[in-house]
Amino acid sequence: MFAEVSTRAGFPEMELDVLRFWKARDIFHKSLTQREGRPPFVFYEGPPTANNPPGIHHVLSRALKDLFPRYKTMRGYYVERKAGWDTHGLPVEIEVEKQLGFRGKQDIEKFGIEEFNKLCRESVFKYIDQFADVTERMGYWVDLDKAYRTLDTTYMESVWWILKQLWDKQLLYQGFKVVPYCPRDQTPLSSHELAQGYRDDVEDPSVYVKFELEDEPKTYFLAWTTTPWTLPGNVALAVGLDIPYVRVRQGDERYILAKARLSILQGEYRVEAEIDAKSLLGKRYKPLYEYLIPDKPAFFVVDADFVSTEDGTGIVHTAAAYGVDDLDLSLKKGIPVRHVIDLAGRFRPEVTPFAGLFVKKADPKIIEDLTQRGLMYRAETIRHTYPFCWRCGTPLLYYALTSWFIKTTAVKDQLLRNNSVVNWVPPHVGPGRMGNWLETLVDWSLSRWRYWGTPLPVWVCEKCDERRCIGSVAELGLTVNDDLHRPYIDRVTLPCEKCDGTMRRVPDLIDVWFDSGSMPMAQYHYPFENQELFKQRFPADFIAEGLDQTRGWFFSLLAIGTMLFDQPAFKNVIVNGTVLDKQGRKMSKSLKNSVDPMEVMSKFGADATRWYFFSAVAIGNDYRFDLPAVQDVIRRFLLILWNTYGFFANYARLDGFDPAAAVVPVRERALLDRWLLAELAVTIADVEKALEAYDPPTAARRLEAFVLDLSTWYVRRSRRRFWKSESDEDKRSAYQTLYQVLVSLAQLLAPFMPFVSETIYQNLAAGKGGQPESVHLSDWPVPAADWRDDELRQQMSVVRRLVATGLAARNAAGIKVRQPLRAVTIAEKPLNSALETILLEELNIKAARYQGGGGGLTLDTEISPELKLEGLARDLVRKIQELRKQSGFAVEDRIRLFYEGDGILAEALERWRDYIATETLAVAVARGAAPDGASSETLQIEGHDLKVGVVRVAAR
């Protein structure tokens, strides 16, 4: 009935067999169809971009995304698992640019947008087969055949519809703002993209600059900046009205700065006067540079509430075109914007000393120039965080431009409220990383001045500037069979309804994060199709991605769900940490520390890899991935599980155990059986509790502890019951108990380790007694009422504690466990006879005495000659068992045992002949030389020798 189980487990090869089984039997599809009509558990797949090979971090996120749908399916839910692909945006464009050797947008436009976008479309799916291979190999069940793709017209039309709803709510608008801007890609970015590109410990200039007052020669305002390139764009200086200022004299020059910042001065100085900030307002100063001087009043002092004395000088250099606060202040005070930098991040030709220089390369030249002109008070460097383009790595600029925005600030309170009802795992991410960021929310910079992405569906009249947002392809006279990408959509014009002019689409694309955040609707082409289906699938019960998605996909889902429906798009979210290398560095091609997930799984198996990610760290912590750590999963857990399963299956096969035979009632089973079932019942409850809390590490560690107890306590103590039990009923009780536990354990492990659980289940349960054909079609185990026995669990816990104390006492006394002792005195209330027997057998002690007191125990360490012989007999059993194993004997093989020699070892063997014969399956024990062909060895124990030989007689 049961197949033989090899002790040499080849997990990767076994997993390939399971994959073939799943495919042949269409198990994934059956897991869906058999649950149709059940309550849904809604899962959203965060779409990856497949224009680069998958990495080991994809196994982490996909393992988490596979675990809970499998678990919820076993709990009776219908769990649709629709894959998705993120196909637009800069990642794709940059990859194609690299292939073509392009340096920027001018090369693309010369090449042609149509041809460039064709290559982008091809590039998107360059590695899709590799993603599919990893997905299948790791056992991640997700429907790749019906995956949503952000480039499909049906998807893009739903995105347009969402934008139209925002337009109608006056949440989509065009504005002039300072936004994060990538000069290499020449496109604005959103604030959440900015957050993904910060680098620590970046070295930048730190300069204190002298602005000379117009009517007071050699008197200067001191201002500080870490971006010298913004100085040619200066239009004003800002002070704080509540900040005391001073005028100091150094040599023949005077400086004005905050009194609290006098520490930045170098050398001796004398304070000449204290100054009220109000008296500084309106004071004019000479511009540092005379290029591109505005035609409106500039270069005077204004007040601002963002000025502080935490750093700098208490006087803020204001360049309206290159700072968010700077522009807001300038617009409020009527100060003009002065753009000295072009869209490529280079100085405009009019700024002759630095014309054509990239801003970062201009920094040292500006410092040198101001130093030579006597306008640099102090120049040094600073290490701080600075934002870089999260896609191309270029230093970002804050740059004032006209762009399209979503007024997320208008729904800030709703966003905070909806964020607070989401179950964030770990909990601190919600109020912390996400909540803190929402508190400082700015409007969503939606525009991307690029080529491959979803076009912004706004048409503007060339004649009267009338504007119209399109919410469907039908409004343009198109169908879902038409391509909405550039340049085709740019050729679509509309007649203006207000005048006789022609309306043309604005050139902007939209942020790809808006694409991905629209997936709850767009994956179903809502509202054009599947209205009822969408209502059943929104919001998601569960999503999972890395911490970097907090201000990426998580935010876009939250924001769009809030703006459309005033509710979050997801109820529960797992935020996993980053997969680093063993030194704690991020994995990258440049560091040559990337790990190929297929190689890891080919070597150690998918189950071991998945289990590593489930159990290694708490959710949210970073992983230091190391191949030996995955190998350790096999040693510390998988092999223990496998050997326990193999022990049962092989003995059950030999004995012809039938799980359908008459079942021994739980109350009539041996104490150890009842304890194991009680532990299993609690384990099931504990694992359920952890998974319902979206806490895989706690669930995994609980399962590890149970498997260890199963092997090292139950099976080790029950082993002889399976092959030389005193009664048939006791043997049947042991078999039935271990069978029930292993089948339940396979079901508990199925969401975590889908392969080994399937292998165990196939051999033990599939198709037997009406059981489903796959563990993944079975229900989550439910403990029987008579399994529960908290009192017995507590009593066994006391026994195990006493065993641990006793073993420690033996170790301290230098007495090995195989050496029997006469007695132990226990300071506890007396154990019942069954529990006492376990304690005495574990400690190898003949008798127990009890006395009241603090729970300790004392060993009688006097060893009589008789006890000494018994200890040596136990050593002989161990040595003979090792010889059997070295000789290749099966566990059930009977032997004849021969021995030669005299002395204490021979005496021990003769005195304990029956015991040794029983333990080693010896049908005969004879003094004398072993026959030819026997396996012989001279055993050495405590300085004594005895030559023994073993001959196989017959299989059991």
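Contact is defined here as heavy atoms within 4.5 Å. The structure is a predicted model, in which local features need pLDDT of at least 70 and side-chain atom pairs count only at pLDDT 80 or more, whereas totals for chains, interfaces and linings use all residues. Residues are numbered from 1 along each chain as its sequence is written, and side-chain values use heavy atoms, with hydrogens and water left out.

Gln 523 lies in the loop between α16 (519–522) and α17 (531–536); helices are DSSP runs (H or I, at least four residues), numbered from the N terminus. With residues up to four places away in sequence excluded, Gln 523 touches Tyr 44, Lys 82, Tyr 148 and Tyr 155.

Helix α20 (residues 606–615) packs against helix α26 (residues 754–764) at about 125 degrees, with the axes 7 Å apart. Axes are lines fitted to C-alpha atoms over the stretch in contact, and angles run from 0 to 180 degrees between N-to-C directions. The arrangement of α20 is therefore oblique to α26, a class left after angles under 35 degrees (roughly parallel), over 145 (roughly antiparallel) and 65 to 115 (roughly perpendicular). Ala 606, Asp 607 and Arg 610 of α20 meet Pro 754, Phe 755 and Val 756 of α26.

The 23 residues of helix α23 (residues 696–718) should span 33 Å at 1.5 Å a residue, which agrees with the 31 Å between its end C-alpha atoms; the expected span is 1.5 Å times one less than the number of residues.

Note on methods: Helix = DSSP H or I, 4+ residues; strand = E, 2+ residues; numbered from the N terminus.
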